Amino acid sequence: QTARNSRVDIPALVAVLAVAAVQSVGCTPPLKRLHEALSWDYGARARALLRDDPGLWKQIDAHYRPVICQAAQKGFHDIVLLALEHGEDVNTRDSKGRTALSLAPFATSEQATLTAFLLITRGAEVNALDKLRYSPLMRAVFSGQPEMVEALLAHGAVVNHSANDGN
């Protein structure tokens with residue numbers, strides 16, 4: 001049979017592709033949509049998904065990326081606040097041992113600072129080390145976040161520390 005003469009069962013194909021996508025990412029379809037929204041800076045979409053399905057707060061994907069960590073990395077301080085209000089631990093770590101505060105420097109400067117202040121005021125460990133032994137202060141310095149560096153220092157961040165690579 002040629003491709004022109006064959007009939008494709010579109011709903012069945014969509015179902016097979018959806019299952020394959022979920023298996024490849026290792027999470028449920030709603031969680032996959034949430035992580036995609038956070039990854040692509042679709043804050044409004046992420047907020048709507050979290051509002052519509054409160055159970056998503058506690059789910060993680062195959063890469064162990066908690067919602068609070070992804071939101072902090074993108075500078076969605078309002079989602080970080082919602083996560084904390086839903087009982088997320090301010091010092092939750094991802095698979096690389098990074099806390100939300102360690103990931104906040106990767107956001108834009110203004111958003112990073114707002115997110116860092118929120119996390120610090122909610123009890124984030126300013127000297128938490130990830131698996132490479134990088135601290136939030138080191139990541140803020142490397143990311144060029146002077147306001148965040150000042151905030152971390154004002155809240156007791158240790159300066160004389162080195163990571164596994166000697167930095």
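**Exercise 1.** Is Asp 130 buried or exposed, and what is its relative accessible area?

*Solution.* The model is a predicted one, in which local features need pLDDT of at least 70 and side-chain atom pairs count only at pLDDT 80 or more, while totals for chains, interfaces and linings use all residues. Residues are numbered from 1 along each chain as its sequence is written, and side-chain values use heavy atoms, with hydrogens and water left out. We begin with the term: a residue is buried under 20% relative accessible area, exposed over 50%, and partly exposed in between (1.4 Å probe, protein chains only). Asp 130 has a relative accessible area of 5%, and therefore counts as buried.

**Exercise 2.** Find the salt bridges of the structure and describe the surroundings of their residues.

*Solution.* A salt bridge is a side-chain nitrogen of Lys or Arg within 4 Å of a carboxyl oxygen of Asp or Glu. A search of the whole structure with this rule gives 2 salt bridges. One of them joins the side chains of Asp 130 and Arg 139, with 2.4 Å from N to O; Arg 139, at 14% relative accessibility, is buried. Another joins Arg 98 to Asp 94 at 2.8 Å, again from N to O, and both Arg 98 and Asp 94 are buried.

**Exercise 3.** Explain why helix H4 can be called largely enclosed by the rest of the structure.

*Solution.* Helices (H or I, at least four residues) and strands (E, at least two) are DSSP runs, numbered from the N terminus. Helix H4 covers residues 67-74, and because 6 of its 8 residues are buried, the helix is largely enclosed by the rest of the structure. The buried residues are Val 67, Ile 68, Cys 69, Gln 70, Ala 71 and Ala 72. Just after H4, Gly 75 takes a positive phi of about 80°.

**Exercise 4.** Describe the place of Ala 112 in the fold.

*Solution.* Ala 112 belongs to helix H7, residues 109-121, and its relative accessibility of 0% makes it buried. Contact means heavy atoms within 4.5 Å. Leaving aside neighbours within four places in sequence, Ala 112 is in contact with Ala 104, Pro 105, Ala 107, Gln 145 and Met 148. Gln 145 is 33 residues away along the chain, yet the C-alpha atoms of Ala 112 and Gln 145 are separated by 7.8 Å.

**Exercise 5.** Which helix has the lowest mean pLDDT among the elements of the protein chain?

*Solution.* pLDDT is the predictor's confidence in each residue, from 0 to 100. The lowest mean, 51, belongs to helix H1 (residues 10-25), and the highest, 96, to helix H6 (residues 100-103). Where pLDDT is low, the predicted coordinates should not be read in detail.
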